[in-house]
Amino acid sequence: MITLYGSPRSSAGRCLWTLEETGTPYTHKDVDMRNKEHKSAEFLKINPNGKVPALTDGDVTLFESMAINFYLADAYKKELLGNSVADRGLVHQWSFWASSELQDPIIQVFIQKVFMPDDKRDNSVIEENLAKLPALLNVLNTSLEGKTYLVGNQFSLADINTSSVASICHAIGVDLKAYPNISAWLGALADRPAFQKYQEIRK
Ligand SMILES: N[C@@H](CCC(=O)N[C@@H](CS)C(=O)NCC(=O)O)C(=O)O
């Protein structure tokens, strides 16, 4: 049986969405980060980084949300990996791009705006990282021109992994109306039944 650890409002959210897309039964265990459950000896056995998400599935134990998503797709819904060698390359490309290029500036702003108390907030970090976003969002917006999905005209992990990062823009006050293809893509993804089930878990 699969167990996914972590709040749906954390990086575990993209794994919960993927689990819903696969239709595979699973157990969800929230991890109480306010009470430092993610640093407990018990949880550190599952993820020695002391972070969520983590996944166990029989003998398999994994951390890193996008690696978990690749495992889930490979094990339970292969079409999410892309249907050709070229498409699988592109699914990896977008997932690595989202985690290594797009995510950091968005999270830097998120930390300052959402977690930092007013007296500790560093506006220079916010400005510096907001300034990086137009170039990145333009790459994504242009790549989505005339397309419903990022890769091969078919829903894949590229959409889950990339949109789960891009959508954090809403929480940091970046108006995605300036990027109409991204807005339309996020809207179409939000209509997916599996996404809506994941949203129910978030409530
Ligand atoms: N690259 C990791 C990031 C994991 C991560 O930073 N998770 C946050 C919650 S979104 C966390 O557990 N933070 C607790 C900490 O850093 O102590 C992934 O995608 O799984």
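The ligand sits in the largest pocket. A pocket here is an open set of points on a 1 Å grid over the protein atoms alone, with protein on both sides within 12 Å along at least five of seven lines, and a molecule sits in one if more than half of its atoms lie within 2 Å of its grid points. This is a predicted model, where local features need pLDDT of at least 70, side-chain atom pairs count only at pLDDT 80 or more, and totals for chains, interfaces and linings use all residues. Residues are numbered from 1 along each chain as its sequence is written, and side-chain values use heavy atoms, leaving out hydrogens and water.

Around the ligand (a heavy atom within 4 Å) are Ser10, Ser11, Arg14, Met33, His38, Lys39, Gly50, Lys51, Val52, Pro53, Glu64 and Ser65. This shell divides into 3 nonpolar, 5 polar and 4 charged residues.

| Residue | Protein atom | Ligand atom | Distance |
|---|---|---|---|
| Lys39 | polar side-chain atom | oxygen | 2.8 Å |
| Val52 | polar backbone atom | nitrogen | 2.8 Å |
| Glu64 | side-chain N or O atom | nitrogen | 2.8 Å |

Of the 510 Å² of accessible area that the ligand has on its own, the protein covers 68% (Shrake-Rupley method, 1.4 Å probe).

Methods
Polar contact = N/O pair within 3.5 Å; in protein donor to acceptor, adjacent residues only side chain to side chain. 1 Å grid on protein atoms, 1.4 Å probe; cavity = no way out; pocket = protein on both sides within 12 Å on 5 of 7 lines; lining within 4 Å. Nonpolar A, V, L, I, M, F, W, Y, C, P; charged D, E, K, R; others polar.
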